[in-house]
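Thanks for coming. I have one structure to go through today, and I will keep to what can be computed from it.

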Amino acid sequence: MGLKKFSSEVVKEGKRVRWPKRDVLIPSIIVVVIIAVFFSIILFLEDLAGNSLLEALKSTFNG
């Protein structure tokens with residue numbers, strides 16, 4: 001399959017897709033961003049807790 005045929009088929013498939021309307025898309029984007037921020041904060045806090053635990057263990061065993 002040549003690059004020209006592949007790209008024309010990709011364009012054809014892109015036209016067949018039912019894209020969501022703006023009034024559905026914007027709230028979905030907002031929900032995804034909120035969830036991503038929430039979980040990034042959780043991962044950051046877990047990283048801080050793990051780092052402080054490792055530092056406490058290091059200082060305990062180093063004397």
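Before the details, a word on what I call a helix: helices are DSSP runs of H or I with at least four residues, numbered from the N terminus. Also keep in mind that this is a predicted model.

With that in hand, the overall layout. The protein chain has 2 helices and 0 strands. Helix α1 covers residues 3–16, and helix α2 covers residues 22–62. Met 1 sits in the segment before α1.

Now the overall dimensions. The radius of gyration of the protein chain is 24 Å, whereas a compact globule of 63 residues would have one near 11 Å. Along the principal axes, the C-alpha atoms fill a box of roughly 70 × 35 × 10 Å. Met 1 and Asn 62 are 61 residues apart in sequence and 63 Å apart in space. Leu 57 and Arg 18 are separated by 39 residues in sequence and by 55 Å in space. For Lys 12 and Ser 40, the figures are 28 residues and 37 Å.

How much of the protein chain is buried? Buried residues make up 0% of the 63 residues. The cut-off matters here: buried means under 20% relative accessible area, and exposed means over 50%. Met 1 counts as exposed because its relative accessibility is 71%. Lys 12, which is found in helix α1, also counts as exposed, at 55%. Leu 57 belongs to helix α2 and is partly exposed, with a relative accessible area of 40%.

The accessible surface of the protein chain comes to about 6,200 Å². Carbon and sulfur atoms account for 71% of that surface. Which residues form a nonpolar patch on the surface? They are Leu 25, Ile 26, Ile 29, Ile 30, Val 33, Ile 34, Val 37, Ile 41, Phe 44, Leu 45 and Leu 48. Together these residues have about 990 Å² of accessible area. One of them, Phe 44, has its place in helix α2.

On to the charges. The protein chain carries 9 positive and 6 negative charges, and their mean positions are 19 Å apart. As a general point, side chains of opposite charge can pair when their charged atoms come close. How many salt bridges does a search of the whole structure find? The search finds 2.

One of the salt bridges joins the side chains of Arg 16 and Glu 13, at 3.0 Å from N to O. Both residues lie in helix α1, 3 residues apart, which is about one turn of the helix. Arg 16 is exposed, at 64% relative accessible area. Glu 13, at 43%, counts as partly exposed.

Glu 55 and Lys 58 also meet in a salt bridge through their side chains, at 3.6 Å from N to O. Why are these two separated by about one helical turn? Because they are 3 residues apart in helix α2. Glu 55 counts as partly exposed at 40% relative accessibility, and Lys 58 is partly exposed at 45%.

To recap: the chain has 2 helices and 0 strands, buried residues make up 0% of it, and the search found 2 salt bridges. That is what I had.

Note on methods:
Residues are numbered from 1 along each chain as its sequence is written. This is a predicted model: local features need pLDDT of at least 70, side-chain atom pairs count only at pLDDT 80 or more; totals for chains, interfaces and linings use all residues. Side-chain values use heavy atoms; hydrogens and water are left out. Patches are made of residues with over 30% relative accessible area and no salt bridge: like charges are joined within 9 Å, nonpolar side chains (Val, Leu, Ile, Met, Phe, Trp, Tyr) within 5 Å. Accessible areas come from the Shrake-Rupley method with a 1.4 Å probe; for residues, only the protein chains shown count as cover. A salt bridge is a side-chain nitrogen of Lys or Arg within 4 Å of a carboxyl oxygen of Asp or Glu. Buried means under 20% relative accessible area, exposed over 50%, partly exposed in between (1.4 Å probe, protein chains only). The radius of gyration is taken over C-alpha atoms; the globule rule is 2.2 Å times the number of residues to the power 0.38. Lys and Arg count as positive and Asp and Glu as negative; His and the chain ends are not counted. The place of a charge is taken as NZ of Lys, CZ of Arg, CG of Asp or CD of Glu.
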